[in-house]
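Dear colleague,

I am handing over the structure that we spoke about, and my notes on it follow below. Please read them with the model open beside you.

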Amino acid sequence: DDLHQLHAWHRTTELPRIAQLLQRVEHLAAAETTAAQVCALEPPLRERWAALRQRAEPMLATHALTLTSAQLDHLERKYARNNREYTREWIEATPAERVDKRIKQVTERAERVYGHLDDRQRALLREQLQASRHDPAIILAERRRRQQDTLAVLGGLAGQRVPHDTAVQALRGLLDRYATSPDPQYRAFVQDLRQETCRLIATLHNATSPGQRE
């Protein structure tokens with residue numbers, strides 16, 4: 001029932017606002033763009049995420065209070081499995097293998113928008129990604145921090161006689177730490193990656209044909 005209510009609210013309230021943002025992107029897509037213009041699209045996206053999160057927080061708190069120890073154990077095992085997979089795919093890979101993985105990921109995402117990328121465009125992506133500060137070790141450390149934070153917060157709520165408002169505040173703090181890590185190294189890393197991503201998107205877009213932009 002909570003999910004149905006959330007979806008109904010999102011369809012009527014949020015989708016029209018997202019449509020306006022997409023119209024803005026559509027207008028920009030016809031011409032060349034700059035990294036600054038691409039980065040300027042992020043704040044309104046964050047606003048929409050913040051609105052969804054605010055709407056969902058009371059529902060999340062309600063359900064967090066009903067979790068069982070078995071469910072938390074399941075979540076912890078899933079985190080461990082995911083971390084092993086990430087370590088195998090990214091930490092143990094060579095630098096060249098990491099670049100190849102990222103090129104594959106970025107190409108797949110770009111081709112959803114532009115259609116087939118030619119050799120020149122793929123070479124452009126490779127050049128950009130080879131110079132990237134992307135660091136799987138930093139990402140894994142933050143993932144583990146978030147996982148432990150999540151387990152600690154949920155463990156303090158699950159099955160407890162905690163007032164609903166207190167549960168909402170606990171989850172809000174958790175989500176705040178997801179949005180802005182308490183780790184200054186990770187915050188700086190994310191800021192660098194944001195700037196890189198904006199440059200990469202602008203560079204690739206400016207290398208596309210009129211047909212791809214259409």
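This is a predicted model: local features need pLDDT of at least 70, side-chain atom pairs count only at pLDDT 80 or more; totals for chains, interfaces and linings use all residues.

Residues are numbered from 1 along each chain as its sequence is written, and side-chain values use heavy atoms, with hydrogens and water left out.

As to the overall picture, the protein has 10 helices and zero strands, where helices (H or I, at least four residues) and strands (E, at least two) are DSSP runs, numbered from the N terminus. The C-alpha atoms fill a box of roughly 60 × 45 × 30 Å, taken along the principal axes. Of the 214 residues in the protein, 33% are buried; buried means under 20% relative accessible area, exposed means over 50%, and partly exposed lies in between (1.4 Å probe, protein chains only). If one takes the contacts (heavy atoms within 4.5 Å) between residues at least 6 apart in sequence, 80% of them join residues at least 24 apart.

Two helix pairs deserve a description. Helix α1 (residues 2–29) and α3 pack at an angle of about 175 degrees, with their axes 10 Å apart, and they are therefore roughly antiparallel to each other. Here axes are lines fitted to C-alpha atoms, for helices over the stretch in contact, and angles run from 0 to 180 degrees between N-to-C directions; angles under 35 degrees count as roughly parallel, over 145 as roughly antiparallel, 65 to 115 as roughly perpendicular and the rest as oblique. Among the residues that make this contact are Trp9, Glu14 and Arg17 of α1, together with Arg48, Ala51 and Arg55 of α3. Glu14 is buried, with a relative accessible area of 1%, and, not counting residues up to four places away in sequence, Glu14 touches Trp9, Arg48 and Ala51.

The second pair is helix α4 (residues 69–91) and helix α7 (residues 136–157), which pack at an angle of about 180 degrees with their axes 11 Å apart, and that makes α4 roughly antiparallel to α7. The residues that meet include Leu72, Tyr79 and Trp90 in α4, and Ile139, Arg143 and Leu154 in α7.

Turning to charges, a search of the whole structure finds 14 salt bridges, each being a side-chain nitrogen of Lys or Arg within 4 Å of a carboxyl oxygen of Asp or Glu. One of them joins Arg194 and Glu42 (3.2 Å, N to O), and this pair links distant parts of the chain, with Arg194 in helix α9 (residues 184–206) and Glu42 in helix α3 (residues 42–64), 152 residues apart. Both ends are partly exposed, Arg194 with a relative accessible area of 24% and Glu42 at 26%.

Another salt bridge is formed by Asp100 and Arg126, at 3.0 Å from N to O; Asp100 lies in helix α5 and Arg126 in helix α6 (residues 119–130), so the pair ties together parts that are 26 residues apart in sequence. Asp100 is partly exposed at 39% relative accessibility, as is Arg126 at 33%.

A salt bridge also joins Asp149 and Arg145 (3.4 Å, N to O), which are four residues apart in helix α7 and thus separated by about one helical turn. Asp149 is buried, at 14% relative accessibility, and salt bridges that share partners join Glu142, Arg145, Arg146, Asp149 and Arg177 into one network.

Leaving aside neighbours within four places in sequence, Arg102 is in contact with Trp90, Leu129, Ser132 and His134.
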